[in-house]
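Visitor: I would like to learn how to read the packing in a model like this one. Where should I start?

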Amino acid sequence: MLVAGCAGVPRTTLEPVPETVPGAHRVDMLVVTTRAPSKVPGEVFSGRRGGKVSFDNVVVSVPPDNVRRPGEVIYPPQNPGDPAKQFVVQKIRPLALKGAIAWYDRVAGPKKRVLIFVHGFNNTYEDAVLRFAQISTDMPVDAAPVLFTWPSGGSVFDYLYDRDSANYSRDALEEMIEQISASRNVSEITLLAHSMGGWLAMEAVRQMAIRHQGKLPRKLANIVLASPDIDVDVFRTQLDQIGDASKRITIFTATDDIALDVSRRLAGGDQRLGAIDIRNPAIRQALVQHGITAIDLSDANSNDGLNHINFADSPRMVLAIGQRLAAGDDISGQRPGFGETVGATALGAAQGVGSAIGAGVTAPIAVVDPAARQRLRQQFFNSREAFAGSLRTASGR
């Protein structure tokens, strides 16, 4: 159980530090939560369930680039934090719903994009805020950052409580996505959900599709499930409700995800979506049928010992996602060759895997996304020798 958490669960260091330092990054985010407010100084919201949805404008100062590497969160050990060395909060301002809408209008920017992040199991309010500040900084995306944080107990022993809390928050997340989609100042939404947050995100999306006769808002362009803690069979039923919108889904998986292995054991041995092996032909076929893109990060470099949050703390990974979104691409689109960029196995499900190139997915860093396949195919026809050499280089053999 001690390895099952999704975070280091820091607490009580969110007392605002108004000052910042030259070179620091400023993340101006909207935080929407179903948590109960806390009276503990520096905690802001507890892990208990609140009676209403709360909105806050939170501004985080991220230390200069020469202090940390992309993907790294440096938590303040105590109050006050040092903005020259650590992530610190500069402002926390409660908002009414009208204030939240005004925040959208002010921050969405000329590209009118919104990035919504839903955290996973065992996350305090503090950890969710600071982790999202890291993601927003390291993904160079001109998008308004919106954090949806639900009542996690912040303990590895609260797994069942957290699962119920995720269910408790489904309606609130669905309503929030609906409100953002309805805004004239928003043209594109990316929903990024991690671990148990993936379950919450898919349930909210599923409910939305049911209410709209199987349709999702067009503005919801990307649904990114990072290490999703979802039962595979349950995921199939969720897909049945969202129909063609499944083509907007990208899944980051890792067969060596220790946290999801613990979750699988707690769930009676049922496979978790974030730990599927996309090299398995049956799994590939199922993904292809639904148009889902899957990227296996088992062989990608990460500083996460559990291999559970490598989408965010792997410098190459977080930069690749951000560059793709910044260019206006959906995650599963035509450029760049995503698997090539991050050193991971990628299955671009939309184009199928029937060719000889597709068979290369069994290689540790083989690529089956459209752009990469085209390049490899051209190499194959130009020179069999060149193709063989490229494949050997890609697989590290």
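**Cores, a helix pair and a loop residue**

Guide: Start with the largest nonpolar core, which has 55 residues; Ile116, Val146, Phe235 and Ile249 touch the most other members. The largest share of this core, nine residues, comes from α5. Bear in mind that this is a predicted model.

Visitor: Which residues is Phe235 in contact with, leaving aside its neighbours within four places in sequence?

Guide: Phe235 meets Met202, Leu225, Ile230, Ile249, Ile251, Leu273 and Ile292. Another core, of 31 residues, lies apart from the largest one, and its members include Val31, Leu130, Leu192 and Ala226.

Visitor: How do I read a pair of helices?

Guide: Two packed helices are described by the angle between their axes and the distance between the axes. Here, the axes of α3 (residues 159–168) and α5 (residues 196–211) come within 9 Å and cross at roughly 25 degrees. Angles under 35 degrees count as roughly parallel, so α3 is roughly parallel to α5. Their crossing is right-handed.

Visitor: Which residues in α3 and α5 meet?

Guide: From α3 come Tyr159, Asp162, Arg163, Ala166 and Asn167, and from α5 Met196, Trp199 and Leu200. By class, this contact has five nonpolar, one polar and two charged residues.

Visitor: Is Ile276 buried or exposed?

Guide: Buried means under 20% relative accessible area; Ile276 has 6%, so Ile276 is buried. Ile276 is found in the loop between α7 (258–266) and α8 (281–290). Leaving aside neighbours within four places in sequence, Ile276 is in contact with Val232, Thr253, Thr255, Gln271 and Ile283. The C-alpha atoms of Ile276 and Ser227 are separated by 9.7 Å, with the two residues 49 residues apart along the chain.

Technical notes. Residues numbered from 1 in each chain as written. Predicted model: local features only at pLDDT ≥ 70, side-chain atom pairs only at ≥ 80, totals over all residues. Heavy atoms only, no water. Axes fitted to C-alpha atoms, helices over the stretch in contact; angles between N-to-C directions. Helix = DSSP H or I, 4+ residues; strand = E, 2+ residues; numbered from the N terminus. Parallel < 35°, antiparallel > 145°, perpendicular 65-115°, else oblique. Left-handed = near helix turned anticlockwise from the far one by under 90°. Contact = heavy atoms within 4.5 Å. Nonpolar A, V, L, I, M, F, W, Y, C, P; charged D, E, K, R; others polar. Core = buried A, V, L, I, M, F, W, Y, C linked by side-chain atoms within 4.5 Å. Buried < 20%, exposed > 50% of the residue type's maximum accessible area, 1.4 Å probe, protein only.
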